[in-house]
Amino acid sequence: VDSLLLIGARIGANLLALVWTVLLVRLLDADGAGLALQAVSVAQIASILVTLNVESGAMRAIVPARAEGRMDRAAAFIRFNRRIMLASVPALGLAVLLAWAAGVAPGWPPALLGAMLPAVVLVALARLSARHATALGVMRKGLLPRLLTGPVVLTAVLGLAWLEGWPLAPSHVVMLFALSEGLTVLIQNWLLRGDFAFLRDAPPPPAAAPPEPRRWIALGLWLSPGLVMAEYRKAILIATAGLVLSDAETGMFAVAFSIINILNFGVNAVDIAFSPRIAAAMAGQAPRLRDRLLASSAAIKLAGLGLGSLLVLALGPTALGWFGSGFQAAWPALMALLLVPAGSVLFGPGSVLLSSGGQGRADFAANLVAAAACVAAICVLGARLGMTGAALGAGLAHLAGQAAGAWLCARRLGIDPTLLVLRRLRGGHATPPPPRAPARGLAR
């Protein structure tokens with residue numbers, strides 16, 4: 001049930017994101033929309049710095065503690081997450097103020113920078129609560145508000161502003177985004193008030209604390225590339241494109257990716273649906289079942305990609321026209337961004353397989369390759385070829401990251417996740433070579 005709710009919420013969030021992006025572009029010109037979207041993207045990425053991504057280790061810290069009846073350890077982890085934020089938020093604010101005073105910050109209006117600071121904090125708090133709720137076994141109370149509240153609020157308020165003809169500036173949009181994240185946090189805390197009640201009774205950790213906090217920080221940093229590429233891919237693409245493109249081009253790039261992201265989500269939804277069964281087959285040492293599941297998911301994704309690509313080819317110009325006549329210039333970028341879902345289909349769910357196989361180091365390497373390639377390719381090709389080059393760079397970087405994941409799957413696990421696995425549907429037998437011993441270190 002939770003998986004179905006999650007997929008349904010993600011579908012709704014993606015559709016609403018497209019709607020409020022249309023409204024945003026209608027209310028602001030391409031330059032203003034591009035600046036607003038870039039500021040929101042930077043705030044989302046900066047939120048990782050506020051928590052050091054420690055909350056991503058919640059499943060490894062809270063779940064075992066609950067199983068052992070050590071709720072004091074679960075409480076210590078949650079409190080440590082919150083203390084990190086209390087320490088890092090003032091430091092981040094001071095760093096931004098010094099950078100702006102020294103003239104090394106982006107030449108954004110002070111009102112925009114001021115709106116971004118609360119947005120950073122509230123995005124981090126919403127992610128924190130969602131991670132803790134999932135580890136406590138009440139995922140829907142933390143994750144569903146996080147997925148749906150923001151898109152609903154942004155769509156409703158921007159729709160009202162469009163109907164009433166209210167004049168908006170980019171800073172107003174970022175303030176609205178921060179408000180939507182704040183409402184998300186309030187809803188989460190109200191829903192989780194009973195589940196977090198144990199924090200009031202759990203004793204504080206001893207004065208001479210064990211080295212657990214250091215391990216929590218190390219694990220959070222270790223999982224950060226995966227968080228960026230899985231949750232904040234759109235944000236990293238838009239923020240990086242903004243480094244080399246004009247505000248108007250950044251807005252058109254963001255619009256093109258918003259359209260493609262619906263197709264990309266469809267591909268990822270298939271992986272989400274199949275991943276529990278694939279992981280169970282791997283744990284049960286059932287390679288034939290594992291490969292047939294991989295083949296079945298690949299066939300579904302390939303069919304979806306083909307149909308989606310035809311729709312983009314046929315209706316892409318019309319969809320871009322919803323945002324304004326000037327957005328027709330984003331058509332080549334829209335085509336280039338088809339490489340993103342195509343790469344996911346071609347090379348398969350490498351990250352899922354590496355995580356399920358205990359290959360955390362390899363999964364980290366693949367995500368790090370993808371993140372580094374994304375920044376480098378968008379900057380280089382965007383500077384040379386403009387918006388189309390940035391889109392091409394995003395697509396090629398995704399192909400590189402997915403290819404790295406597939407190669408590591410074959411090397412470490414003896415599993416071929418690429419489209420070649422389709423031959424298993426014809427009754428072929430899985431004959432993987434013996435996997436190598438798991439790499440030492442933190443496993444994801």
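This is a predicted model: local features need pLDDT of at least 70, side-chain atom pairs count only at pLDDT 80 or more; totals for chains, interfaces and linings use all residues.
Figure 1. Leaving aside neighbours within four places in sequence, Gln38 is in contact with Trp108, Ile238, Ala239, Gly242, Leu243, Asp247 and Thr250. Gln38 belongs to helix α2, which spans residues 30-51. The relative accessible area of Gln38 is 7%, and this residue therefore counts as buried, the limit being under 20%.

**Figure 2. The largest nonpolar core.** This core holds 85 residues, of which Leu24, Leu237, Phe253, Ile259, Phe323 and Leu337 touch the most other members. Helix α16 (residues 360-413) contributes the most to the core, namely 11 residues.

Figure 3. When residues up to four places away in sequence are not counted, Ile259 touches Leu18, Ala319, Leu320, Phe323 and Leu334.

**Figure 4. Cys374 and Cys379, with their sulfur atoms 8.7 Å apart.** A disulfide is a covalent bond between the sulfur atoms of two cysteines. The number of disulfides in the model comes to zero. Cys374 takes part in no disulfide, and the cysteine sulfur nearest to its own is that of Cys379. Cys374 is buried, with 2% relative accessibility, whereas Cys379 is partly exposed, with a relative accessible area of 23%.

Methods:
Residues are numbered from 1 along each chain as its sequence is written. Side-chain values use heavy atoms; hydrogens and water are left out. A nonpolar core is a set of buried Ala, Val, Leu, Ile, Met, Phe, Trp, Tyr and Cys residues joined through side-chain atoms within 4.5 Å. Buried means under 20% relative accessible area, exposed over 50%, partly exposed in between (1.4 Å probe, protein chains only). Helices (H or I, at least four residues) and strands (E, at least two) are DSSP runs, numbered from the N terminus. Contact means heavy atoms within 4.5 Å. A disulfide is a pair of cysteine sulfur atoms within 2.5 Å.
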